[in-house]
Amino acid sequence: MQDKNKKIAEQIKQLNALKGPVSKELLDYHKENMSKQKKVLDAVKEKEKTIPEISSETGLDSKEVLKQITGLVKYGKAIHIPAKTGYLKYKAK
Amino acid sequence: MSENKEFVCDSLIIGSGIAGMQAALDIGDAGYNVIMVEKSPSIGGKMISLSKVFPTLDCASCITTPKMAASSHHPRVKAFTYSEVEKIEKTNEGFEAEIIKKPRFVIESECISCKKCEESCPVHLEDEFEFGLGVKKAISIPFTNAIPQLPVLDESKCIRCAACARVCPKDCIDYLQKPEKIKIKAKTIILATGYEITPMTAKKEYGGGRLINVISSLQAERLLAPHGPYGKVLRPSDGKIPDSIAYVQCAGSRDESIGIPYCSRVCCMYAVKQAMLLSGSLPLSEITIYYMDIRAFGKGYEQFYNQARAMGINFVKAKVAKITEDQEHNVILRIDKQEEGSVPMEVKHDMVVLSQGLLPSNKNFFGLNIEKNEYDFVASSKPDFSPALTSTEGVFTAGTACGPKDIPDTIMEAGSAAMEAVNYLKSVKI
């Protein structure tokens with residue numbers, strides 16, 4: 001395990017030397033994205049909610065909420081509750 | 001760039017969509033060795049992303065996946081995925097192609113497709129397989145039934161947290177992987193490079209790429225697919241199940257002003273198909289198709305169209321002048337019905353699909369001296385009797401590389417290209 005971590009660290013070091021460090025813009029974008037993801041997941045932890053409900057609770061744009069919840073559903077952190085009209089409801093798993 | 005590797009084959013096929021795969025299987029079955037080169041990380045082309053096919057409404061994936069499996073397991077077919085053809089030169093022995101195999105940053109021979117790297121990656125990105133509607137990770141297998149089942153790391157979005165490398169049970173993440181140069185010597189070439197759809201921004205007045213609920217026909221395919229991005233048809237602005245959906249026909253064809261005066265042949269039928277699927281999946285929704293005229297040209301297509309009418313799809317003969325949106329992102333169409341005495345009017349829909357046309361995917365043919373038609377598709381030298389022949393001996397074409405066509409015609413033409421290539425290989429001693 002130690003060897004593995006050493007090998008990975010060495011590769012990352014070489015990559016940084018070759019291509020320069022990861023840009024601040026990318027890191028900031030990622031941080032912001034993670035915080036949005038957490039907000040959305042927290043909003044559906046207790047009770048199932050629709051996208052407009054999550055949007056008004058988190059202050060995030062509906063489009064952004066849809067994007068985040070799509071990722072959370074795809075990667076198994078939330079589920080959607082089927083509906084025939086209106087809006088689906090989402091809940092944390 | 002790593003060192004050159006050299007391969008020799010009888011037939012080199014550029015593109016591994018349904019045309020490329022069919023041609024590869026036919027040539028392989030005839031006893032010749034084939035190499036397919038595909039620019040995407042998986043074989044399957046556009047067809048693997050479609051929901052169903054017209055007019056039978058068979059599942060597109062159920063037709064494509066067996067072909068993908070057959071061509072990847074065929075003893076005489078080899079595929080280079082995530083690889084771009086740089087150039088092809090005609091030589092005394094046939095053709096010589098230079099290929100660049102892009103790095104996946106994964107050691108392909110070691111990877112066991114366990115997806116642990118994808119699960120551990122914290123970076124969420126727009127998924128190009130879902131045409132921007134879904135989400136993927138910075139390292140991911142392109143889609144569920146991709147072949148090969150190998151992940152690709154998006155180097156430009158990776159934050160180098162090394163989570164993927166730490167969880168990989170086979171230690172096959174290689175951040176320092178370089179592009180590989182490959183040389184392929186072949187006796188024949190088949191151009192099966194396929195199509196691109198007209199850009200969403202081609203008709204500025206339709207608001208494509210600007211109005212969030214105006215989507216492309218391929219995005220609509222993904223919404224309708226069983227493993228689509230949202231698991232249900234939802235509109236992108238707020239996830240609402242749309243009550244009213246409109247199709248705007250000829251949104252990227254038959255228009256001199258955008259430089260695409262030809263008819264793309266398939267748009268009428270894919271719109272009818274999608275409308276029927278939508279009415280099945282959203283039985284309470286109203287679906288309208290605004291059209292100039294419906295071109296139901298193939299076997300069973302007229303019945304298919306009549307069936308759609310009988311199912312309650314609204315067909316409105318009208319020209320759409322402009323598309324805008326209101327504050328809730330509902331889409332407003334300014335239409336002019338093609339009826340006597342009608343006046344321009346505005347209609348509101350929850351979501352609009354633009355029926356875009358087909359453009360050639362490749363226009364320079366990798367330096368080969370190939371004649372093009374006036375719209376940059378490969379020109380067939382004998383269009384009536386041997387559509388697969390091109391202006392260069394030994395080079396054949398199949399599918400939408402030589403013009404817009406539907407899937408049955410594409411498969412038939414791929415068979416024809418394979419037959420021409422086999423005859424050429426038999427007749428020419430190189």
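Start in chain B, where strand β14 (residues 286–291) and strand β15 (residues 314–325) pair in the parallel sense over four bridges. Two strands count as paired if DSSP finds at least two bridges between them. Strands here are DSSP runs of E with at least two residues, helices are runs of H or I with at least four, and both are numbered from the N terminus. In this pair, Tyr290(B) stands opposite Val316(B) of β15(B).

A word on the source: this is a predicted model, in which local features need pLDDT of at least 70 and side-chain atom pairs count only at pLDDT 80 or more, while totals for chains, interfaces and linings use all residues. Residues are numbered from 1 along each chain as its sequence is written, and chains are lettered from A and ligands numbered from 1 in the order in which they are written.

Back to the strands. β14 and β15 belong to an open sheet of seven strands in chain B, with mixed pairing and the order β12-β18-β13-β14-β15-β16-β17. At the edges are β12 (214–216) and β17 (345–349) of chain B, each pairing on one side only.

Next, the helices. α6(B) lies across β13 (244–248), β14 and β18 (351–354) of chain B, and runs at about 170° to β14(B). Angles go from 0 to 180 degrees between N-to-C directions, and axes are lines fitted to C-alpha atoms, for helices over the stretch in contact. Helix α6 (residues 267–281) of chain B also packs against helix α7 (residues 301–310) of chain B, at about 40° and with the axes 10 Å apart.

Which residues in α6(B) and α7(B) meet? Met269(B), Val272(B), Ala275(B) and Met276(B) in α6(B) meet Tyr301(B), Phe304(B), Tyr305(B) and Ala308(B) in α7(B). Contact means C-beta atoms, placed from the backbone, within 7 Å. By class, this contact has eight nonpolar, no polar and no charged residues. Nonpolar means Ala, Val, Leu, Ile, Met, Phe, Trp, Tyr, Cys and Pro; charged means Asp, Glu, Lys and Arg; the others, Gly among them, are polar.

Last, the two chains together. Their contact takes 28 residues from chain A and 26 residues from chain B. On the chain A side, the largest share, seven residues, comes from α4(A). The residues on that side divide into 13 nonpolar, ten polar and five charged.

For scale, the C-alpha trace of chain B spans about 70 × 55 × 35 Å along its principal axes.

How values were computed:
Contact = placed C-beta atoms within 7 Å.
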